[in-house]
Amino acid sequence: MEYIIAKYNYWMYVILMMVGFYAMIVKKNLVKKLLGLNIFQWAIIFFYISTAVKSGGATVPILHSALDTANINLYLNPLPHVLMLTAIVVGVSTTGVALALVILIYRKFQTLDEDEILDKLRELSGK
Amino acid sequence: MIRHQLPAIIIVAPFIMAILTNLIGLWSRSACYYAALFTAGVSLFSSIGILDTVISTGKISYRLGGWEPPWGIEYLVDHLNAYMLVIVTLIAFLSILYSYRFAEKDMPARIPQFYSLMLLLLTGLIGMTITGDAFNLYVLIEITSIACYALIAKGDDKSPLASFNYLIIGTAGACLYLIGVGYLYILTGSLNMADLTNLLPKVYHTKALLAAFFFFIVGIAIKMAFFPLHGWLPNAYNHSPDSVSAFMAGTVTKVCAYVLIRVMFTIFQPQYSLSIVPILPLLGWLSVGAMLYGCILALAQRELKNIFSYLIIAEVGYIVVGISTATKIGFTGSVLHILNDAIMMACLFFTAGAIAYKTGAKTIDDVKGIHKKMPLTTAGFTVGAVSVVGVPPTCGFFSKWYLLLGTIHSGEYHYTAGLLLSSLLCAIVLYRVLQSMYSQNNEISTKNDEAPATMLFPIYVTVFAILIIGFISGNIISTVIDKTIPIGFR
């Protein structure tokens, strides 16, 4: 039990990721699949951010006269935050492209349910 | 002076032009084509310059913004990168040249955006190849993929769904890669590949590193369509527009194969991938599966591009089987096959596109008797097909020969059997297509109606490349590929 609590951030990231993974595989609606993908990506972003956390009142690295600049214990590691800023941008652009694709699919098939789309595709190729 | 800046120019030129084409499009749409072609030409010449520099002086380390590695992002170019850069930029240049008529026909209103995406795809591929930073690689993988998703969706009616499925699977793959990078960062505090090579041996025994290694392998395997994670590829390539399927077929999976080599033998030292984690037998068996599965399913297809897409899955298997023999000669075969496969697949997709452009023929039955109508295109296709099967003196023979020698040398005879059987199946697959193309058909008009010059030229560049690489493969191996073999290979 202590083992779980000591590393609870990692457990949360695994659970979130599996929720997203489940939605990507099981859900038939394309928008729900996309939401699953977003949860999957965000789980990884949380994982990175949680690795930068330090206990004991550490804060973001801003040069301030009240802070002791030589004491690294007062600063969080800024690099994971910066990396995740890039990953968020990547995630947003992927979502943007995916939503555009969803709109295209909806215009063509008038539905977003995967099974119904496959049925319509079969009708198309049967003709 | 400009020579030192080539690693920056090669990637910055297409990136800036990708944005500028949208502005140029406001003034003149056809100018976008020439701008894109010029930029791809600049990248091609830069890559040749880089290869020349690497051969004569050795590794190039380019520091972006002058920041010292491991803090700044470093572009590290050795023989393998430089070789890959030439392949990517050559295929890109030919594809952009080839796309002229298609852009006019399929998307007259969207020409600037189309070339913008093509250049963005080129930027991503060059970046993946040249970068020496593990996180930077993730970002560039995603740039490549997003450009791919958008380009695929410009194809026929089924393309948006194919593209959406590719997006879901592909992004999940890139996310797995990102987790791997995260684990490495937590363990070592570094993201620079050369730095990681030196730091990682201290933590080789940890379970976290093992997990990271498998996240990397699975993530990249999804991106390179390695059996059994290939599900997205056939639909995505089959339904994509003819102008871009050759570009993607020739480069994307091959660059991902390069990333696999980079991760397994640069980020992790060869001893890790060879002896600490015995992953090579697993990869070997899966690639035997890929070779057979790809060829057998190619037999079942009727549409030309679908056949070639399944052949790509088999070809990825060829590339991986050479690595998994852990022999010098097998690895040589793999690296040579990356080049050959890029050119052969570009040739096949170019010819299939040209036939579809002129006659609308997409399936094996449609192309019956096409040799009377388009003799030059059909001849080009024949050379490409013969090379995929591996008939001497085409280039496909030489890489397959090295792969075969590698499997025999390592004593893994089941790989040898897989390779031979797959080549045989491949011959049957392509023989069916050729038989249909060269058969008599009275319905089709026998009037000579050849593809336009912008299509014939790229086709014939690939055809001559196929023939010439066969003869100079000895030189390529001694000057470039020999220097890329990881330490510890037998």
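Select helix H15 (residues 328–359) and helix H17 (residues 375–389) of chain B: their axes come within 9 Å and cross at roughly 150°. Here axes are lines fitted to C-alpha atoms, for helices over the stretch in contact, and angles run from 0 to 180 degrees between N-to-C directions. Helices are DSSP runs (H or I, at least four residues), numbered from the N terminus, and strands are E runs of at least two. H15(B) and H17(B) are therefore roughly antiparallel, a term for angles over 145 degrees. Their crossing is left-handed, that is, the near helix is turned anticlockwise from the far one by less than a right angle.

This is a predicted model, in which local features need pLDDT of at least 70, side-chain atom pairs count only at pLDDT 80 or more, and totals for chains, interfaces and linings use all residues. Residues are numbered from 1 along each chain as its sequence is written, with chains lettered from A and ligands numbered from 1 in the order in which they are written.

Next, select helix H9 (residues 207–223) and helix H11 (residues 242–267) of chain B, which pack at about 165° with their axes 9 Å apart. That angle makes H9(B) roughly antiparallel to H11(B). The crossing is left-handed. Display Phe216(B), Ile220(B) and Lys223(B) of H9(B), which meet Cys256(B), Val259(B), Leu260(B) and Val263(B) of H11(B); contact means C-beta atoms, placed from the backbone, within 7 Å. By class, this contact has 6 nonpolar, no polar and 1 charged residues. Nonpolar covers Ala, Val, Leu, Ile, Met, Phe, Trp, Tyr, Cys and Pro; charged covers Asp, Glu, Lys and Arg; the others, Gly among them, are polar.

Ile220(B) leads on to the largest nonpolar core, of 215 residues, where Ile220(B) and Val316(B) are among the residues that touch the most other members. Such a core is a set of buried Ala, Val, Leu, Ile, Met, Phe, Trp, Tyr and Cys residues joined through C-beta atoms within 7 Å; buried means 20 or more other C-beta atoms within 10 Å of a residue's own. Centre on Val316(B): beyond four places in sequence, its contacts include Met224(B), Phe226(B) and Ala290(B).

Finally, colour by chain. The contact between the chains takes 22 residues from chain B and 26 residues from chain A. On the side of chain B, helix H7 (159–188) is one of the elements giving two or more residues, and H7(B) gives the most, with 13 residues. Chain A itself has 5 helices and 0 strands, and buried residues make up 22% of its 127 residues.

How values were computed:
Buried ≥ 20, exposed ≤ 12 C-beta atoms within 10 Å, placed from the backbone. Contact = placed C-beta atoms within 7 Å. Parallel < 35°, antiparallel > 145°, perpendicular 65-115°, else oblique.
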